[in-house]
Amino acid sequence: MNTKSLIIIALITASLSINAQTKSIKALDEFVETIYDSIPYAPSISIGVIHNGKIVHKKAYGYSNVENKMPAKTSTQYYIASTTKSFTALAATILGEKGLLDFNKSLADYFPKVKFADSIQADKIKIPDLLGHTSGIDNCAGMTYALSNTGSYTIDQLFDLMENTCARLPYGTYRYSNLGYNIMNLIFLKELGKTWKDVVQEEVLNPIGMNHTYSSYINLLENKEDVATPYQALGVNGKDFFAIPNLFKRDETMHAAGGLYASVDDVLKWLLVQVSDGKINSKTVISPTALAKTRKIRGEVKGKGFGFNGMNISYGLGWNIAKYKDKLLYHHGGAFAGYRTMISYIPETKSGVVVMVNDSNIGNSFTHFLSTFAYDFFDETLKDKDWKQSYYKWITKSKAETKKYGLDPMYQDFLNRSKRTWDLSVPFSAITGAYKCKDENLPIIRVFEKDGELGVSQGIMNARVEPQGFPNAIRIDMTGGGETLQLDVEGDRVKGFTYKDNYYEKL
């Protein structure tokens, strides 16, 4: 075959590839538009796709701010929550390769002054156990709660809280938790004098050029980034859509297990590094051996749930490992009030997908199904004739389930709660004040009155407050679900209250 023939064949092949990608992009657009037409509750969806080691598609749909009709862009910032773990784990692994951290040292070696309970086997637990969720430990004093929700702590208190670490499962047993990453931050501080934010910035974000990924909410605002407003798209009553959650992220709660804001544009750089063995534009920016270590299968995990989670076979360091149509797929989701993110990639096909949604009601299912749709179409396992048959069924089912399990019960619950009246033996003024928990590791809860209504706060969190429906009880919504604050009343005086099985005494 002569040179001219080879050139013609190459051009034809390239043309076919371009046509296939164009069809895939059109199908993805059509699928997202079909979602919006059928289930119009997603404020915005931002998506990016890599195939054969190249960015083949990126686009944002809907509004980053519904009230102001601000269109979302692929540069719009979303809180990516637990997908932060992949960044923290890689940064730690790189430091291990550099000899700045010892992956063979135990928890007891790193913290010789901490009196760990014998039951947790601190002499066996090493960094890979912390990052791979196989330490078997839990923190019985609320370290993870303080770091992710209240933001009420000091660094010295975090070190002290380690003495309250207890056994949850046998050592070596997988159980997903933020705690291992919170302890990893304390190792960074002790060994390097740096926080996880410094380490991730220096070892991962800077080398990759992720200049618009933030571990500081203040820096995010100072740089005037477009930040997607977080929403509960179905509202709090199933009728008034696009409510803004009362739980939010600030610098105090940006932690090593979930503390990054990022855009699709920046995460596409992250995915390019993952599928190109640490290279960007043929230049190695991240150690390929460090990347390989984070992907290593570390024992068996049984998949459960829907989407990629149901396909899981293991957990590496910062990545879930799944089997997707006989290919290894690495993924991690991020979930917090008002945000859902899914980041995933398949090394074999050098493909990757990122999906971000600024909604926490139905955004989770969107991130999973848009990711699988993108893989199926760009890998050409779906044809034009059958994608609607397979995926349109999901849209129809999702619409029905959103109404049956979301809108209808939420509205009925709201109607039931709206009929409740206060059943208090004391006035609001007797309830207001500061309350300290007998467990001194938990932050003070404050009850206040404003415009004739009660309010409750703990650290940076503020709760919605309403009648609970039985004597001297208050219903508060601190973290997205209704909880009871049961008053302890003596005559005309409130002595304290019980909340989440803990007693708080009035100061």
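The side chain of Asn246 reaches the backbone oxygen of Asp477 at 2.9 Å. This is a polar contact, meaning a pair of N or O atoms within 3.5 Å; within protein, one must be able to donate a hydrogen and the other to accept it, and residues adjacent in sequence count only if both atoms are side-chain atoms. The model is predicted, so local features need pLDDT of at least 70 and side-chain atom pairs count only at pLDDT 80 or more, while totals for chains, interfaces and linings use all residues. Residues are numbered from 1 along each chain as its sequence is written, and side-chain values use heavy atoms, with hydrogens and water left out.

Stay with Asn246. A second polar contact, of 3.2 Å, joins its side chain to that of Arg464. Asn246 sits in the loop between helix H9 (217-222) and strand S7 (261-262). Helices (H or I, at least four residues) and strands (E, at least two) are DSSP runs, numbered from the N terminus. Is Asn246 buried or exposed? Asn246 is buried, because its relative accessible area is 15%. The cut-offs are under 20% relative accessible area for buried and over 50% for exposed, with partly exposed in between (1.4 Å probe, protein chains only). Leaving out residues up to four places away in sequence, Asn246 touches Asn462, Ala463, Arg464, Asp477 and Met478. Contact here means heavy atoms within 4.5 Å.

Now look at another loop residue, Ser360. Ser360 lies between strand S14 (351-357) and helix H12 (363-378). Ser360 counts as buried because its relative accessibility is 16%. Its side chain has a polar atom 3.0 Å from the backbone nitrogen of Gly338. Which residue is 129 residues from Ser360 in sequence, yet 6.7 Å apart in space, C-alpha to C-alpha? That residue is Tyr231. Not counting residues up to four places away in sequence, the contacts of Ser360 include Tyr231, Gln232, Phe336 and Tyr339.

Eight strands form an open sheet in the order S3-S2-S1-S14-S13-S12-S11-S10, with antiparallel pairing. Strand S3 (70-71) and strand S10 (312-315) stand at the edges, each with a single partner strand, so one side of each has no neighbour in the sheet. Two strands pair if DSSP finds at least two bridges between them. Strand S2 (residues 54-65) is joined to S3 by two bridges.

Strand S1 (residues 44-51) and S14 are joined by six bridges. Val49 is partnered with Val353 in S14. On the other flank, strand S13 (residues 339-346) pairs with S14 over seven bridges. Ile346 stands opposite Ser351 in S14. The hairpin of S13 and S14 has four residues between the strands, and Lys350 takes a positive phi near 50°.

How covered are these strands? Seven of the seven residues of S14 are buried. Ser351, Val353, Val355 and Val357 point one way, while Gly352, Val354 and Met356 point the other way. Eight of the eight residues of S13 are buried, so S13 is largely enclosed by the rest of the structure. Strand S12 (residues 327-336) also pairs with S13 over seven bridges. Tyr330 stands opposite Tyr345 in S13. Two residues separate S12 and S13 in their hairpin, and Gly338 in the turn has a positive phi of about 90°.

Next comes a helix. Helix H8 (residues 196-208) has 13 residues and reaches 17 Å from its first C-alpha to its last, close to the 18 Å expected at 1.5 Å a residue. That expected span is 1.5 Å times one less than the number of residues. H8 bends by about 35° at Glu202. The bend is the angle between axes fitted to the seven residues ending there and the seven starting there. An α-helix has 3.6 residues a turn, so residues three or four places apart point the same way. Among the buried residues of H8 are Trp196, Val199, Val200 and Glu203. The buried residues of H8 pack against helix H2 (84-97), helix H7 (179-192), helix H10 (264-275) and strand S8 (279-280). Just after H8, Gly209 takes a positive phi of about 85°.

Last, the cores. The largest nonpolar core has 109 residues, and Leu101, Phe111, Trp270 and Ile431 have the most contacts inside it. A nonpolar core is a set of buried Ala, Val, Leu, Ile, Met, Phe, Trp, Tyr and Cys residues joined through side-chain atoms within 4.5 Å. A second, separate core of 37 residues includes Ala322, Leu370, Phe377 and Trp394.
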